[in-house]
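The sequence and structure come before the details.

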Amino acid sequence: MASELHLHLDGSMRIHTLIDLAKHEGIKLSSYEPDELLEQIKFKQGMTQEQCLNAFSNTLSVMQTKYALSRIAYEICEDQKNRGVDYAEIRYCPFLHQQNKLLIEEIVSAVNRGLKQGENDFGIKTSQIFCALRHDSAEMSLDLADLTCYFNKRHPDYNIAGFDLACAEVNNAPWVHDKAFQVIQKAGLGLTIHAGEVPNSLDYMRYAISIRADRIGHGVLLANDEKLMQQAKTFGTTIECCITSNVHTGIIKEAKKHPAKKLFDAGVKIAFCADNVLLSQTTMRREQRIAKRFLGFTESDIKKCEQYSDDARFLK
């Protein structure tokens, strides 16, 4: 089975859907021509993490209705299945979809409706991950952790399987949200944390691994600390590896300098992921091809990484 573990709902819609929804809702875009708009909003090599994050304002602007959320979730299912993915974990922050006063229940059920219809129509399996935002307060992340547990228990068919901490790393330490992580881990849900995605964030990596997060999003800086690599190996931490995204945010200058092979050879579990299909213009399968072409991964290595992905799924 091919599993996609790191896929952002607000970064993986179709460009034509973005335009169609904007027209339908009367939302102004910089262009309504697909190629031109894509060129304007997509991530580019040499951008900073902050610049990349700013691009989400375009997609989020059209993701404020139940129809939009269901449609985008449904189309992601179709796109992922067409790209050879059998299981996908879709992550998003429900709080970001309340500009039109949607209730959290409405937001989550709308995403679930699209995913369930996609599962039925395309034969794919999905689950949801709620994303807390690093720059939000500890109280907000704790509220979201409680909501994660609530939906997991109250609506088991929604497949709310995990919790993530995302957004800008600079000056936003993950340990601020420690109480939220404790709630998730006590409930037996999956925990993943974006870490090691920007320079000078190795302490954030150390923290994420020390609290036994199941997975780390990106984790590029892990390769800078041999002791930490061994700890990740010992704990069985899986790295959600997003090569193209890491080039875009500037933590590496080009794909061939990515440390994924060093981590893999050290025994760290690597799972190749797209991150944002639209904004980074990539797919999980493309990331695998990049790993083979530029990093020296063999076909056997890729198969082993696929097994790591399957084993690290939050929905078993």
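Apart from neighbours within four places in sequence, leucine 222 is in contact (heavy atoms within 4.5 Å) with Met205, Ile209, Leu228, Met229, Ala232, Ile239, Leu263 and Val268. A second, separate core of 10 residues includes Ile129, Ala271, Cys273 and Leu315. The largest nonpolar core has 98 residues, of which Leu9, Phe163, Ile193, Leu222, Phe272 and Phe297 touch the most other members. A nonpolar core here is a set of buried Ala, Val, Leu, Ile, Met, Phe, Trp, Tyr and Cys residues joined through side-chain atoms within 4.5 Å.

The model is predicted: local features need pLDDT of at least 70 and side-chain atom pairs count only at pLDDT 80 or more, while totals for chains, interfaces and linings use all residues. Residues are numbered from 1 along each chain as its sequence is written, and side-chain values use heavy atoms, with hydrogens and water left out.

## Helix α7

Helices are DSSP runs of H or I with at least four residues, and strands are runs of E with at least two, numbered from the N terminus. Helix α7 (residues 138–154) has 17 residues and spans 24 Å from first to last C-alpha, close to the 24 Å expected at 1.5 Å a residue, taken as 1.5 Å times one less than the number of residues.

## Threonine 244

Threonine 244 lies in helix α11 (residues 243–249). Threonine 244 counts as buried because its relative accessibility is 9%. Not counting residues up to four places away in sequence, threonine 244 touches Ser280, Thr282, Arg286, Glu287 and Ile290.

Technical notes: Buried < 20%, exposed > 50% of the residue type's maximum accessible area, 1.4 Å probe, protein only.
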